[in-house]
Amino acid sequence: MKIAANELADAVMSELAAYSEEALNRLEESFKKIAAEAAKRLRQSSPKRTGGYAKSWTKNVTRSEHGVTARAYNRKFYNLTHLLELGHAKAGGGRVAGTPHIEPVQEWAGDKALAASAAAFEKEG
């Protein structure tokens, strides 16, 4: 493929844009899987008194011009997450012990996302 000297910058930018788009597509697919698995793990490891808190975990994957963002979150009981994770004071005195269920999933998802990011930007062939 021959490129004239005055078209070199456009050709390089075109190739970089194609590479970036391909890598972001791979990254988005990986993040969708990781976020879904994280929400599933949170549902399994959450404290279950009535079951509503555990069932409310969901995921969201967003793509922008700057990259891909994935998160697993509790859509109904978001205000209880830190209380159940870390524990809290009781009204009559004393404390309720926390049930660490978010931090282990967060660490797992972070490791998987880092590996997926590295894999997405490796050029095949």
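Visitor: Which residues is Pro47 in contact with, leaving aside its neighbours within four places in sequence?
Guide: Pro47 touches Tyr53, Ala54, Leu84, Thr99 and His101, where contact means heavy atoms within 4.5 Å. This is a predicted model, with residues numbered from 1 along each chain as its sequence is written, and side-chain values use heavy atoms, hydrogens and water being left out. Local features need pLDDT of at least 70 and side-chain atom pairs count only at pLDDT 80 or more, while totals for chains, interfaces and linings use all residues.

Visitor: Where is Pro47 found?
Guide: In the loop between α1 and α2. Helices (H or I, at least four residues) and strands (E, at least two) are DSSP runs, numbered from the N terminus.

Visitor: Is Pro47 buried, exposed or in between, and what is its relative accessible area?
Guide: Pro47 is partly exposed, at 23%. Buried means under 20% relative accessible area, exposed over 50%, and partly exposed in between (1.4 Å probe, protein chains only).

Visitor: How about Ser56, buried or exposed?
Guide: Ser56 has 2% relative accessibility, so it counts as buried. Ser56 is in the loop between α2 (52–55) and β1 (57–64). Skipping neighbours within four places in sequence, Ser56 contacts Tyr73, Asn74, Arg75, Lys76 and Phe77.

Visitor: And Tyr78, buried or exposed?
Guide: Tyr78 is exposed, with a relative accessible area of 57%. Tyr78 lies in the loop between β2 (67–74) and α3 (81–86).

Visitor: Switching to helices: at what angle do α1 and α4 pack?
Guide: About 165°, with the axes 9 Å apart. Axes are lines fitted to C-alpha atoms, for helices over the stretch in contact, and angles run from 0 to 180 degrees between N-to-C directions. That angle makes α1 roughly antiparallel to α4, the term for angles over 145 degrees.

Visitor: Which residues of α1 and α4 make the contact?
Guide: Among them are Ala23, Leu27, Phe31 and Ile34 of α1, and Val105, Trp108, Ala109 and Ala113 of α4.

Visitor: Which members of the largest nonpolar core touch the most other members?
Guide: Of its 15 residues, those are Leu27, Phe31, Ile34, Ala38, Val68, Trp108 and Ala109. A nonpolar core is a set of buried Ala, Val, Leu, Ile, Met, Phe, Trp, Tyr and Cys residues joined through side-chain atoms within 4.5 Å. α1 (8–45) and α4 (103–120) each supply at least two residues of this core.

Visitor: What does Phe31 contact, leaving aside neighbours within four places in sequence?
Guide: Val61, Val68, Ala70, Ala113, Ala116 and Ser117.

Note on methods. Angles under 35 degrees count as roughly parallel, over 145 as roughly antiparallel, 65 to 115 as roughly perpendicular and the rest as oblique.
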